[in-house]
Amino acid sequence: MNEIIAVTIVTILAVMSPGADFALVTRNSYLYGRKLGLWTAYGIAAGVWVHISYSLIGLKFLQQQLPSLIYIIQYIGAAYLIYMGYKTFTQPPIILNENSSDITNRQAFKHGFLTNSLNPKTTLFVMSVFSQIMTSENKINKLLAYGVFISTSHLFWFCLITFFCSTPTIRNKIFAKQMTINRIIGIVLSALGLSLFFANL
């Protein structure tokens with residue numbers, strides 16, 4: 001019971017902490033509407049399973065090789081965040097229309113999936129959790145249940161963000177200042193990417 005409570009609290013705090021996932025969902029939700037915001041959230045929840053999978057399959061090996069693997073993930077993820085920041089910062093004004101968008105469901109899903117799966121913050125979070133709960137007492141079914149909980153928590157939280165940012169009244173207010181907000185989100189994403197890039201130089 002103590003283990004379940006600990007994992008629950010740590011997961012909720014980690015999911016709710018602002019970061020690249022939060023910025024991306026906010027962006028896609030108010031720019032493109034609820035549907036594409038939700039697809040972005042689905043992508044994030046799916047991306048979590050990348051971290052869960054390699055934690056379950058080879059945690060001990062990954063722990064030994066962690067520095068080099070984290071560097072590779074970090075640089076790829078940093079480049080992607082900088083790219084998304086640039087795209088957001090230079091996003092031209094668009095007309096508020098739920099049915100017109102310059103990205104598809106698949107692209108929104110890909111945005112969420114890549115942003116999360118290439119995020120070293122999520123890598124370290126998932127591995128730190130599983131390194132504590134992978135004991136002889138915990139069978140694979142229980143570990144998978146923890147994985148489902150972590151992924152579902154991401155999905156639930158970012159769906160809430162999507163519904164909030166795509167609510168017509170709130171979306172209209174955000175849309176009125178879309179250029180300023182796009183630039184702020186673009187700077188945040190790029191800054192996160194640059195901080196990851198230079199962290200180990």
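Leaving aside its neighbours within four places in sequence, which residues is Trp-49 in contact with? Taking contact to mean heavy atoms within 4.5 Å, the list reads Leu-144, Gly-147, Val-148 and Ser-151. The model is a predicted one, in which local features need pLDDT of at least 70 and side-chain atom pairs count only at pLDDT 80 or more, while totals for chains, interfaces and linings use all residues. Residues are numbered from 1 along each chain as its sequence is written, and side-chain values use heavy atoms, with hydrogens and water left out.

Now for the overall picture. The protein has nine helices and zero strands, where helices (H or I, at least four residues) and strands (E, at least two) are DSSP runs numbered from the N terminus. Spelled out along the sequence, that gives the pattern α-α-α-α-α-α-α-α-α. The protein has 201 residues, and 45% of them count as buried; buried means under 20% relative accessible area, exposed means over 50%, and partly exposed is in between, with a 1.4 Å probe and protein chains only. Take the contacts between residues at least 6 apart in sequence: 91% of these join residues at least 24 apart. The accessible surface comes to about 10,500 Å², and carbon and sulfur atoms account for 70% of it. Such areas come from the Shrake-Rupley method with a 1.4 Å probe, and for residues only the protein chains shown count as cover.

Back to Trp-49, which sits in helix H3. Its relative accessible area is 27%, so Trp-49 is partly exposed. Another residue to look at here is Asn-116: it is 67 residues from Trp-49 in sequence, yet the two are 9.7 Å apart in space, C-alpha to C-alpha.

Next come the aromatic rings. Rings of Phe, Tyr and Trp (its six-membered ring) pair if their centres lie within 6.5 Å; planes under 30 degrees apart count as stacked, over 60 as edge-to-face and the rest as tilted. By this rule there are three aromatic pairs. One of them joins Trp-39 and Tyr-42, edge-to-face, at 5.4 Å centre to centre and 80° between the planes. Why are these two about one helical turn apart? Because they are three residues apart in helix H3 (residues 34–64). Trp-39 is partly exposed at 31% relative accessibility, and Tyr-42 is partly exposed too, at 32%. Trp-39 also pairs with Phe-109: the ring centres are 6.3 Å apart and the planes are at 75°, so this pair is edge-to-face. Since Trp-39 lies in helix H3 and Phe-109 in helix H5 (residues 105–117), the pair ties together parts that are 70 residues apart in sequence. Phe-109 itself is partly exposed, with a relative accessible area of 28%. Put together, ring pairs link Trp-39, Tyr-42, Phe-109 and Phe-113 into a cluster.

A ring can also have a charge over it, which requires NZ of Lys or CZ of Arg within 6 Å of the ring centre and within 35 degrees of the ring normal. That is how Arg-183 meets Phe-89, with its charged end over the ring, 5.8 Å from the centre.

Finally, a look at two other helices. Leu-13 belongs to helix H1 (residues 2–16) and, at 58% relative accessibility, counts as exposed. Val-188 lies in helix H9 (residues 178–198) and is partly exposed, with a relative accessible area of 37%. The C-alpha atoms of Val-188 and Gly-19 are separated by 8.6 Å, although the residues are 169 apart along the chain.
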